[in-house]
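Here is a structure to look at before some questions about it are taken up.

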Amino acid sequence: MDGEGSVRTSETANPKRQMKKIEAIIKPFKLEEVKDALGQIGIEGMTVSEVKGFGRQKGHTEIYRGSEYTVDFLPKIKIEVVLGDDQLDNAVATIIKAAKTGKIGDGKVFVSTVEEAVRIRTEEKGKAAV
Amino acid sequence: MKTILLNVSVSLALTMSPFALLAENAATNTPPAAAAPAKAEPNLEQRVADLEAYVSNGSRGSDAENAKVSSKLDGAPGPGHNAWQMTSAALVLFMTLPGLALFYGGLVRRKNVLSVLAQCLLITGLVTILWWICGYSLVFHNGGAMYGSLGFKFLEGVDSKPNGDYSYWVSQNVYAMYQLMFAIITPALIIGAIAERMKFAAIFLFMTLWMFVVYFPQAHMIWGIDGFMNGVWNPKAGIRAIDFAGGTVVHMTSGWSALILCLILGKRLGFGKENMAPHNMVICMIGTGMLWVGWYGFNAGSAVAADVIAANAFTTTTLATAVASFVWPMAEWIVRGKPSILGFCSGAVAGLVVITPACGFVNSTGAVIIGIAAGLVPWFFCYKVKAWFGYDDALDTFGVHAIGGTIGAFLTGVLADPAVNANLQLSTADPKNPATQNGLANIVANHMLWVEQLKAIGVTLVLACVGTAIIAYIVKAVVGLRPSEEVETAGLDLTEHGEEGYHTGAGQS
């Protein structure tokens with residue numbers, strides 16, 4: 001993973017704040033499966049958005065009477081999960097397992113480091129907040 | 001359409017007392033017969049015959065020009081026929097509001113959905129006012145071959161009594177309102193071709209002029225009692241054409257005008273480059289269903305009675321529409337690989353359009369043939385011809401209504417069957433029906449009606465195209481046709497009406 005060295009540094013500086021964000025772009029019909037699978041490994045929250053985009057799959061064609069339109073951007077679902085470092089590998093593997101169809105357009109998973117997290121109600125910080 | 005049934009005096013035996021009672025009751029609400037030299041009181045036989053005439057949509061004993069007898073039902077509408085006519089009028093209004101508004105509204109982009117609804121609503125109010133001032137009179141008062149006259153201006157004299165020129169049993173005010181609904185939907189159809197890119201003020205002015213230049217004369221020529229092309233009712237018709245519910249009056253005028261106007265107006269910004277896909281096929285389908293249901297009022301209601309001809313029109317309308325709604329998407333499935341919702345919807349509307357002039361004149365086999373033609377010919381125009389020429393008929397008013405109306409008018413000439421409509425038959429007794437007097441009945445019997453239909457198609461086409469071109473350039477000079485590029489890009493909803501069809505996303509409540 002990119003930047004692993006620097007992440008390690010900050011972890012030693014403040015072990016309570018070892019957090020990662022997973023952004024997974026998946027096929028819309030896989031959302032329920034992914035959500036349930038993450039729930040089963042103890043992930044307690046996530047943010048979901050309907051997004052559009054394209055990768056290798058490209059778009060599709062729509063025809064309305066004589067008019068033909070190429071739609072480049074396909075609808076996808078983006079799941080965002082922020083979690084502790086210790087859960088990361090398991091969560092990524094779970095998402096991949098649940099979202100995979102083996103066909104083009106299955107999506108991607110991105111992982112990045114999160115500097116800080118605050119639960120607004122209690123003002124807890126770091127891993128306790130996610 | 002009234003049916004001419006000669007009022008044969010029926011000799012009835014005994015059991016008359018219940019009928020007599022009924023006639024007496026009806027008579028208490030009836031104003032005395034109008035003017036004319038004193039006619040004899042009807043005897044019991046005549047009174048029963050008048051009631052039978054009501055049932056079969058024939059004329060009262062007193063309706064003949066030289067009648068020597070009055071009727072207890074003079075001036076009285078027939079409740080059954082009137083009820084159907086009021087229902088039909090409401091059904092035809094339902095075709096525009098919200099049927100056509102939703103059908104078209106779903107097909108435009110979301111930034112223009114309200115502009116289509118606004119245009120349909122504008123036309124409803126505007127045309128009603130014109131109809132009240134003089135529109136009805138110019139179409140349905142007798143006058144000349146091309147226009148009526150002002151005898152019914154401000155609907156003066158248009159009351160609940162039937163006008164025998166158009167119906168023996170439907171109140172004239174109901175007839176006027178029924179015909180108003182046709183006058184409303186016709187210009188509203190044009191909106192489809194010019195959607196998303198014409199100034200509201202320009203539409204206002206264009207539609208006002210168009211009613212006087214195209215619709216009123218065309219409707220008078222085809223349906224006015226002394227109209228030039230009214231083969232069924234005008235004994236002196238110049239062109240002996242027939243048009244049951246408006247293939248030429250409604251669909252050809254609107255469709256051909258739509259083509260000319262969209263050519264003068266020009267293409268939408270980004271046409272052919274940007275995605276202009278319909279923003280909501282669901283409301284388009286809802287509108288289609290409303291059009292189909294409402295069209296029963298349009299077609300079967302055009303009998304202006306709940307009679308045998310209305311029953312035939314109801315049947316043929318169903319058959320042709322269902323067949324066309326099946327054939328169009330099947331053609332798509334074969335040629336393009338997928339049957340589309342818009343294909344089903346377009347097929348249904350095309351079927352309704354093509355059967356319109358024919359519905360009261362053809363039999364069920366004729367209706368099925370028309371349905372097949374309606375599924376294939378407009379489909380071909382929308383898919384291929386439009387692409388070849390590259391005109392921006394945004395929602396295919398030309399492809400569906402002009403082409404559909406034209407082939408409908410022609411096929412009516414080929415498939416008309418006098419067995420389903422006595423008004424096309426040769427009269428043997430006096431007084432002879434207009435079709436006998438003007439030769440239409442012989443033309444139909446000799447299978448040459450299509451020639452008369454072609455003449456009517458030619459006149460309609462020229463009137464619509466030339467009239468529209470002149471009006472469009474006048475409007476262009478006076479208020480301009482197109483909004484600014486900025487307005488068109490932003491969408492007409494927000495810029496012309498200050499509203500948005502849909503509020504979604506962050507910051508909206």
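This is a predicted model: local features need pLDDT of at least 70, side-chain atom pairs count only at pLDDT 80 or more; totals for chains, interfaces and linings use all residues.

Residues are numbered from 1 along each chain as its sequence is written, and chains are lettered from A and ligands numbered from 1 in the order in which they are written.

Reader: In what order do the elements of chain A run from the N terminus on?
Author: Helices (H or I, at least four residues) and strands (E, at least two) are DSSP runs, numbered from the N terminus. Chain A has 3 helices and 6 strands. Their order is α-β-α-β-β-β-β-α-β.

Reader: Which elements of chain A give two or more residues to the side that touches chain B?
Author: Two residues are in contact if their C-beta atoms, placed from the backbone, lie within 7 Å. Chain A brings 8 residues to the contact and chain B brings 13 residues. The elements asked for are strand S3 (60-64) and strand S4 (67-71) of chain A.

Reader: Which residues of H2(B) are buried?
Author: Helix H2 of chain B covers residues 44-55. A residue is buried if 20 or more other C-beta atoms, placed from the backbone, lie within 10 Å of its own, exposed if 12 or fewer, and partly exposed in between. In H2(B) the buried ones are B:Gln46, B:Arg47, B:Val48, B:Ala49, B:Asp50, B:Ala53 and B:Tyr54.

Reader: Which residue takes a positive phi just after H2(B)?
Author: H2(B) has 12 residues. Just after this helix, a phi of about 55° belongs to B:Asn57.

Note on methods. The expected span of a helix is 1.5 Å times one less than its number of residues.
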